[in-house]
Amino acid sequence: MWQISIPSVILPAQNRKTEFSCDSLLRFLSTEGCGNGIIESYAETELRWEDTLMTTWKRNSLPLREPLAPYDGLLRVTPGFPGTCQGRVHSVFHRVVNVEMQSEGDRRLLVLAAPQVPALPDSICLPPQLLPTFQVGQKVTLDGQLLSWQNTAVRLRTDSHFSGKLDRQEGQPCLKKLTACTTQLHSGFDRLPAPLRHRAEQALLEGRWQAFLGLGSGLTPSFDDACVGMAAIYTATGRSLPPLEDLSVTTDVSARYLRLAQRGYFGEPLLALIRALWKNHAGIPAAAQALEAVGASSGSDMIYGVRLALAHGSRF
């Protein structure tokens, strides 16, 4: 039988984009797609609609002349992100693909992420089956509500539940509970020699973030992640962030998150911790645990920055 798991599809046939509902897809397949009466014996009620975003074919039949691309994606770009831009795949990981997009001289990293990855600003959530189709250097195009690469086109819809924007918080955060539930926190700072760690902490507290950008290992060095954590506290308390004049001294991926933090945009795990600190003290342990699980040490380094900023709030 046919198993179709999205209520409408995009067919890139002869450079046209056509959306099909369930019954119109049946008509198309029986007349223009495969023809030869393949669909004639299948009523609309025999189509099973699943919660997944992919379409799988469960019957041996003649292939369509053009491949179907019935995929959906969630668009989570921040204001100012170019609606139409092209770029190439920067890096590929198991659940994340980074794409370097360019438009009128503007260069930004767009993250393509599997549904298991917490929501991020300037990202697109895609079905996990699509991520392995990307290769470094591959051309990718974003054209409004359509993402395309190779022979694949993905229809996008805006994620109305996530913006990534952090607003100023009213009241007082509960540092005591955060400290109590993160006493066993192991961050990337633990691997730094004691004198270097002390200098890095002083730079964080004194707002000299530029001096130590890139300190640490990984795609997002520990010092940079601590800056992002501190930036969330600065934003939540309405304080100005220290300037960052040169992000070329760190990795492209880390520079992306630092730029977003400068504008007040953060990933969902960090936002959840900030909300818990101010508005849901009982939820602090769970939020801290979720953030700590991000990356090898990125989440722990962000918590390190959050705690440092809150503990020495009177100094900035």
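Trainee: Where is the place of Glu104?

Mentor: Before that, the ground rules: this is a predicted model, in which local features need pLDDT of at least 70 and side-chain atom pairs count only at pLDDT 80 or more, while totals for chains, interfaces and linings use all residues. Residues are numbered from 1 along each chain as its sequence is written, and side-chain values use heavy atoms, with hydrogens and water left out. Helices (H or I, at least four residues) and strands (E, at least two) are DSSP runs, numbered from the N terminus. Glu104 sits in the loop between β7 (96-103) and β8 (106-113). Its phi is positive, about 50°, although Glu104 is not a glycine.

Trainee: Is Glu104 buried or exposed?

Mentor: Buried means under 20% relative accessible area, exposed over 50%, and partly exposed in between, with a 1.4 Å probe and protein chains only. Glu104 counts as exposed because its relative accessibility is 85%.

Trainee: Which other residue has a positive phi although it is not a glycine?

Mentor: Asp122 is one of them, with a phi of about 55°. Asp122 lies in the loop between β8 and β9 (123-125). With a relative accessible area of 3%, Asp122 is buried.

Trainee: How do I read strand pairing, and in what sense do β6 and β10 pair?

Mentor: Two strands pair if DSSP finds at least two bridges between them. Strand β6 (residues 84-92) pairs with β10 in the antiparallel sense, over five bridges.

Trainee: How many bridges join β10 to β11?

Mentor: Three, and the two strands run antiparallel, with β11 covering residues 146-149. Leu142 stands opposite Leu147 in β11. β10 and β11 form a hairpin with two residues between them, and Gly144 in the turn has a positive phi of about 65°.

Trainee: Which residues does Thr141 touch?

Mentor: Contact means heavy atoms within 4.5 Å. Thr141 belongs to strand β10 (residues 139-143). Leaving aside residues up to four places away in sequence, Thr141 touches Cys85, Gln86, Met101, Leu146, Leu147 and Ser148. Thr141 counts as buried because its relative accessible area is 17%.

Trainee: Next, salt bridges. How many does a search of the whole structure find?

Mentor: A salt bridge is a side-chain nitrogen of Lys or Arg within 4 Å of a carboxyl oxygen of Asp or Glu. The search of the whole structure finds 10. One of them joins Arg107 to Glu100, with the closest N and O atoms 2.4 Å apart. Arg107 also meets Asp252 in a salt bridge, at 3.4 Å from N to O. That pair links distant parts of the chain, since Arg107 is in strand β8 and Asp252 is in helix α5 (residues 252-262), 145 residues apart.

Trainee: Why does Arg107 count as partly exposed?

Mentor: Because its relative accessibility is 38%. Glu100 is partly exposed at 22%, and Asp252 is partly exposed at 34%.

Trainee: Which residues are linked in a network of salt bridges?

Mentor: Asp72, Arg155 and Arg157 are linked in this way. Elsewhere, the side chains of Arg208 and Glu206 form a salt bridge at 2.9 Å, N to O.

Trainee: How is a pocket defined, and which residues lie nearest the centre of the largest pocket?

Mentor: On a 1 Å grid over the protein atoms alone, a pocket is an open set of points where a 1.4 Å probe fits, with protein on both sides within 12 Å along at least five of seven lines; lining residues have an atom within 4 Å of a point. The largest pocket has 37 lining residues, and Thr220, Tyr257, Val294, Gly295 and Ser298 lie nearest its centre.

Trainee: Which element gives the largest share of the lining of the largest pocket?

Mentor: α5 does, with six residues. β7, α4 (222-236), α5, α6 (268-279) and α8 (298-311) each supply at least two residues of that lining.

Trainee: What can be said of the whole protein?

Mentor: The protein has eight helices and 12 strands. Of its 316 residues, 51% count as buried. Among contacts with a separation of 6 or more, 63% are between residues 24 or more positions apart.
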